Amino acid sequence: MSKLLVALSLVVIVVCHQACTSNQETQAAENQKSTSANPLDFVISRVKSVDYPARAGAFPRSLEPNGEVRKVPSKDWTSGFYPGVLWYAFELSKDPAIKKRAEEWTWLVEPEKTNDRTHDMGFKINCSFGNAYRLTSNEDYKAVILESAATLATRYNDTVGCIRSWDFNRETWDFPVIIDNMMNLELLFLATQYAGDSSYYDIAYQHAKTTLENHFREDNSSYHVVDYDPETGEVRMKVTHQGISDESSWARGQAWGLYGFTMAYRFTKDSSFLKKAQAIYQYMFSHPSLPGDLIPYWDYDAPDDNKPRDVSAATVTASALYELSDFSANSNMREHADQILANLMKNYTVPENAPHPFILDHSTGNMPKTDEVDVPISYADYYFIEALLRQKELDLR
């Protein structure tokens with residue numbers, strides 16, 4: 001009887017081992033299938049699979065804790081990203097149905113062209129109308145770009161040499177300028193190209209030079225907010241609003257600086273901008289807290305018990321590095337950008353059948369307020385597709 005039980009036990013162990021091994025192999029095969037998908041095909045598939053009709057006040061920004069889409073009005077700084085995602089998807093696919101959706105969402109951003117209460121005109125208008133004009137040459141889109149640039153220029157203070165970022169928190173700040181504002185300069189540079197009005201170029205150029213002078217520490221990490229005296233132009237304080245502390249290195253802020261100075265060099269060919277972008281890159285990729293997959297934690301100085309990733313910082317970084325690698329002899333820049341995109345596809349995409357309109361997961365919006373932590377966010381998707389397009393362009397050369 002004992003021998004029979006032993007024999008049966010051995011059979012059960014062998015069968016269970018074979019079943020478990022088979023399940024593991026099947027799961028591994030499924031994982032390999034999902035991670036080996038062509039990123040461009042995945043993007044187009046995601047955009048096509050979700051019917052998210054254009055509605056005023058319903059721009060998809062992120063996911064709420066209950067899984068619902070966080071919908072925002074056009075005045076929100078993120079409103080231009082979803083139209084931009086659609087324009088990039090159209091650029092990839094040439095699908096007229098995607099183009100139609102892009103047009104519908106883009107025109108819902110138009111009221112922002114006269115909104116002089118924000119510095120985020122570039123995010124809202126350049127990502128939507130900028131791509132629309134670039135891909136269609138429709139003069140109606142250009143007219144909105146030019147009016148938006150004129151509106152943004154009203155926030156420039158010649159004494160400070162910068163565009164004012166925010167109007168809130170006036171009891172603390174007199175003239176706050178955030179590193180994010182570097183991203184809005186592209187709208188002004190393009191406005192000079194489109195209209196021949198050099199005043200836009202001059203404002204953008206001076207803003208970049210002032211930021212270069214005052215926003216960076218000796219190690220080339222960036223402060224988030226620099227507050228100026230609007231009457232004298234003197235720096236009043238250097239603080240954070242979204243980093244872990246005033247002296248920490250907020251990850252998306254480093255990415256904004258990397259991208260912003262690379263873009264500023266494209267338009268101005270000022271070598272100091274190129275050198276700063278290269279120095280920011282060196283800081284980021286030599287930082288001991290950068291994870292092995294190159295997807296940064298939300299702040300480079302975040303403690304071990306407070307370390308959600310920020311995929312949006314990674315996508316901005318990758319997109320910037322493709323352009324910066326074109327201006328630099330450092331082949332590691334291209335390799336790092338490729339690694340970021342490969343790792344995003346492998347571990348950070350949403351499920352293919354996700355019912356919402358997002359592509360990537362695990363971004364961090366505002367950690368100090370515990371808001372939009374470890375969720376899909378629209379700007380991560382936008383710069384992800386932009387990075388893929390830049391990668392494709394370099395591959396075709």
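## A buried aromatic pair

Trp 105 counts as buried at 0% relative accessibility, where buried means under 20% relative accessible area, exposed over 50% and partly exposed in between, computed with a 1.4 Å probe on protein chains only. Phe 59, at 1% relative accessibility, is buried as well. This is a predicted model, in which local features need pLDDT of at least 70 and side-chain atom pairs count only at pLDDT 80 or more, while totals for chains, interfaces and linings use all residues. Residues are numbered from 1 along each chain as its sequence is written, and side-chain values use heavy atoms, with hydrogens and water left out.

## Aromatic contacts

The structure holds 34 aromatic pairs, a pair being two rings of Phe, Tyr or Trp (its six-membered ring) with centres within 6.5 Å, called stacked if the planes are under 30 degrees apart, edge-to-face if over 60 and tilted for the rest. In one of them, the ring centres of Phe 59 and Trp 105 are 5.1 Å apart and the planes stand at 55 degrees, so the pair is tilted. Because Phe 59 belongs to strand β1 (residues 59–63) and Trp 105 to helix α4, this pair ties together parts 46 residues apart in sequence; helices (H or I, at least four residues) and strands (E, at least two) are DSSP runs, numbered from the N terminus.

The rings of Trp 87 and Phe 90, with centres 6.2 Å apart and planes at 80 degrees, form an edge-to-face pair. Both residues lie in helix α3 (residues 81–93), 3 residues apart, or about one turn of the helix, and both are buried.

## Salt bridges

There are 30 salt bridges in the structure, each being a side-chain nitrogen of Lys or Arg within 4 Å of a carboxyl oxygen of Asp or Glu. Arg 117 and Asp 167 form one of them, with their closest N and O atoms 3.1 Å apart. Arg 117 lies in the loop between α4 (96–107) and α5 (121–136), and Asp 167 in the loop between β4 (162–163) and β5 (176–178), so the pair ties together parts that are 50 residues apart in sequence. Arg 117 counts as exposed at 53% relative accessibility, whereas Asp 167 counts as buried at 14%.

Asp 310 and Arg 252 also form a salt bridge, again with the closest N and O atoms 3.1 Å apart. This pair links distant parts of the chain, 58 residues apart, with Asp 310 in the loop between α10 (271–285) and α11 (311–327) and Arg 252 in helix α9 (residues 251–268); both residues are buried.
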